[in-house]
Amino acid sequence: MENLKIAWRNLWRNKKRTLITVASVFFGVLISTLMSSMQEGSYSTMVDNIVKFYSGYLQVQSYEYWENKTINNTFELTEELLQKVSETDRITHVAPRLESFALASTENESRGTILFGINSEKEEEITGISKWLSSGEILKSGDDGLLIASGLAQYLQLELHDTLVLLGQGYHGVSAAGKYPIKGIVDLPAPDLNRQMVYMDLETCQEFYSADNMLTSLIVMVKDPYDLPHARHSLKKIIHEPYRLMSWDEMQPELKQMIEADRAGGTIMKGILYIIIGFGILGTITMMLAERRREMGVMVAIGLQRARLGIILFYETILIGIVGVICGFLGSIPVISYFYNNPVKLTGDAAGTMIDMGIEPYLYFTWLPSVFYNQVITIFVITFLIGIIPVTTSFRFVLSKALRG
Amino acid sequence: MSIINIKNLTKIYDGSGLEVVAVNNINLEFAKGEFAAIVGPSGSGKTTLLNMLGGLDRPTSGEVVIDNQNIWELSSRKLTNFRLKNIGFVFQSYNLIPVLTAGENTEFIMHLQGRSKNERQNRTKELLEAVGIGDRLKSRPNKLSGGQQQRVAVARALASKPTFILADEPTANLDSKSTETLLDIMETLNKTENITFIFSTHDARVMKKARRVITLVDGKVDSDVTK
C-alpha cells in the first residue's frame, strides 16, 4: 500500500507532463473504443441481416448439397432429426426449407426464379417475412398460392391474385409444372433477390417438385451470434453423414472475408494509435527516470531494496495506463450510448453497396464487452512492457553515481 | 572498543585509461559514541571514504568491518538491509523524498524495517520534536527551508536507531544560524543517546565541534587528532 501511495504521489509531481501522457492514453482509448464499437456493431448487424434474411446461423443439409445444389441432393426430414436439432442447447428456432430454381412465366414474359418452399409460421420466426409484405397476405400452412418479390412481379407485370406459371425440373428428373395464384407481394431489401424470389408453402413446393417430405436445408437459429460456437459444437456431435452442418460464414465466405479485411484494417489503425501512445508513455517514464536518478539512489542508500524500488516505479507506469483507460471509458460511454441509440445512416455508394447485399445502410454501435476489455488488455500490455524499463533500471544503476546526481 | 574498523581501504577510479587513486590504503577505527569529522581539500577522498564506509561505493581493495562483519562481503540485498539497520545517512543536498511529508520521510525507514504503525508514529513525533520541527510534521520538503529539511534528514537518519550516522557535508548548503542549530542538535543526540556521528566537511564550525578530526590529503590520512 505504501508503494502504491508513493507511486501515486510521484505520478503527480509533474502534473502537466502526467496529464499530457494520461490525455494521450485517454484519446487512444476513446478512439479505439468508438472504432471497435462501430466496427463490431456494424459487423453484427450485417451478419444478423444476412442470417435472418436468408441463410440462418446454421443449416443442416444433405452432404452433397452445398457443392451441387440440385433438387436431387435433398434429404428427408425425419422426426428424430428435427427433435435432435430442436433440443440442442442454445438453439432457438428451426425451420425446414426446400429451395430450388424454376422458370416463372406469364402470358408475355418469363424469368428464372429462386423458389423457396417454406413453413410460413416457422419462417416468420426466423426471417420475419411479413415485414416485407407490401400487399396481400402471408402464406398459411397448406396454401396453394405463393408470395412473389416485387421486382419479379413488376418484370412479369403481375399483380395480386394473378396467376403465375412455374416450370422446372423435379426430384429425380420428374417434370415440375404448375399454376399458382399470387397471394402476396413482398418488397425484399436485397435488390438482386427482389428480382428473383418466389415463396411457396413447403408442402405445395414439395408437391411441385415431386419431393415429398424432402428438404434442401433445415435452418437453425441461435439467440445471438455469441451462442453460435457452442451451438455449432453441440450440433456437430449429432450431425453426421448423410447430413452436413454448415454455418453462416461457410455459406457466406465473401461476407466473412469482408468483415475480416475490415477488422484487420481497424486493427492496423488501432495498432498505429497505440504505438504512438506507447512512445508517449515511454518518453514520460524515461524522463522521469533521468530526473530522479539521485532520489532513487538515496532511497536505496537508506535501505529500500532495489526490487521494491522497481515495484514503485512499475506501479507509476501502470497507474498512467489505468488513469488513462478509466478516463477513456468514461469519455466513450456517453458517445457510444448516443450512437447506440442513434445509428449513423449511410448515404451514397456505401449505402448502395450495403443495400445490394441486403444489409441496412446504417453504422451500428455495440456495447460488446470485448470492445472495452480489449483496450484494457492493450494498454496493460503496453504499460507492462514499458514498466520493465524502470524495473531493470532500479536493479542496474550504480549507487555511488546516482548519489552524485 | 571500535565498532568500525577500516583496513587497508583503497579506491581507484579507472576512467578513460587514466587511473585516479581516490583513497589510498587507509586504516582507521571508530569507537561507539564518537563525534568525528573527516576533513580535507576538494578531491582529497572524503566523500569516497564515507561512501565506502556506508556501503554505497565498493572499494578496490581493503575491508570495512562493522560489528565484526566485513560489509563488502555481503550480497547487494544483504548490504541494503545492513544499511537499513545499522547506518543513518545525512546528505549535503538533504535528499528527502519530495512526495512524502516531513513525518512520512522520517517514518519511511521505520516502515522499511517493518515496525508497527504506532511505534513509527510515536518515534517520528519524538524525533521531529528533538530536532525542533515537531510542528512541521505534515509539511512536504518543498515547504521547508534548507535548515528544516536538513533537520528532517537528521531525524530520518536517527529513525532506524542506527549504529552510526554518516553525514556528507551536512552544513554545506546551510546558513550560519541553521548550521549552529543543526550542529547543536547532533551534538546533543550524540551525547544523550551515544550515537556515533562521522562527518565529511569543509566547514570550520563542524571541525570546531568535532571531538576527533581526521585530515585527508590525496586520499591518505594526513592527521588524526582527538581533542
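# Briefing on a two-chain predicted model

Chain B is built from seven helices and 10 strands. Its radius of gyration is 17 Å, close to the 17 Å that the globule rule gives for 227 residues, so chain B is as compact as a globular protein of that length. Chain A holds 15 helices and 14 strands. Its radius of gyration is 31 Å, whereas a compact globule of 405 residues would come near 22 Å. The model is predicted, with an ipTM of 0.90 and a pTM of 0.78.

**Chain B as a whole**

- The C-alpha atoms of chain B fill a box of roughly 50 × 40 × 40 Å along the principal axes.
- Of its 227 residues, 47% count as buried.
- For contacts in chain B between residues at least 6 apart in sequence, 71% join residues at least 24 apart.
- The mean pLDDT of chain B is 91, and 100% of its residues reach 70 or more.

**Helix H6 of chain B**

- Helix H6 of chain B covers residues 176-193, which is 18 residues. From its first C-alpha to its last it reaches 25 Å, close to the 26 Å expected at 1.5 Å a residue.
- Its buried residues are Thr179(B), Leu182(B), Leu183(B), Met186(B) and Leu189(B). Seen down the axis of H6(B), these buried residues fall within an arc of 125 degrees, so they line one face of the helix.
- An α-helix has 3.6 residues a turn, so residues three or four places apart point the same way.

- Glu169(B) lies in the loop between strand E7 (164-168) and H6 of chain B. Glu169(B) is not a glycine, yet its phi is positive, about 45 degrees.
- Glu169(B) counts as partly exposed because it has 19 C-beta neighbours inside 10 Å, and a residue needs 20 or more to be buried.

**Where the two chains meet**

- The contact takes 17 residues from chain B and 18 residues from chain A.
- On the side of chain B that touches chain A, the elements giving two or more residues are helix H2 (76-86) and helix H3 (102-112) of chain B. The largest share, four residues, comes from H2(B).
- The residues on this side of chain B divide into nine nonpolar, five polar and three charged.

**Chain A as a whole**

- The C-alpha trace of chain A spans about 100 × 45 × 30 Å along its principal axes.
- Buried residues make up 40% of the 405 residues in chain A.
- Among contacts in chain A with a separation of 6 or more, 81% are between residues 24 or more positions apart.

**Local features of chain A**

- Helix H2 of chain A runs over residues 15-55 and has 41 residues. It reaches 56 Å from its first C-alpha to its last, close to the 60 Å expected at 1.5 Å a residue. Gly56(A) follows H2(A) and has a positive phi near 75 degrees.
- Gln154(A) is placed in helix H5 (residues 150-156) of chain A. With 14 C-beta neighbours inside 10 Å, Gln154(A) counts as partly exposed. Gln154(A) and Arg306(A) are 152 residues apart along the chain, and their C-alpha atoms are separated by 82 Å.
- The peptide bond from Glu241(A) to Pro242(A) is cis, with omega near 10 degrees. Pro242(A) lies in the loop between helix H8 (228-238) and strand E12 (243-247) of chain A.
- Gly405(A) is in the segment after helix H15 (399-404) of chain A. Gly405(A) is exposed, with 11 other C-beta atoms within 10 Å.
- Not counting residues up to four places away in sequence, Gly405(A) touches Arg293(A) and Arg294(A). Gly405(A) and Gly310(A) are 95 residues apart in sequence and 19 Å apart in space, C-alpha to C-alpha.

Definitions and conventions: Residues numbered from 1 in each chain as written. Chains lettered and ligands numbered in written order. Predicted model: local features only at pLDDT ≥ 70, side-chain atom pairs only at ≥ 80, totals over all residues. Expected span 1.5 Å × (residues − 1). Buried ≥ 20, exposed ≤ 12 C-beta atoms within 10 Å, placed from the backbone. Arc of directions from axis to C-beta. Rg over C-alpha atoms; globule rule 2.2 N^0.38 Å. Contact = placed C-beta atoms within 7 Å. pLDDT = per-residue confidence, 0-100. Nonpolar A, V, L, I, M, F, W, Y, C, P; charged D, E, K, R; others polar.
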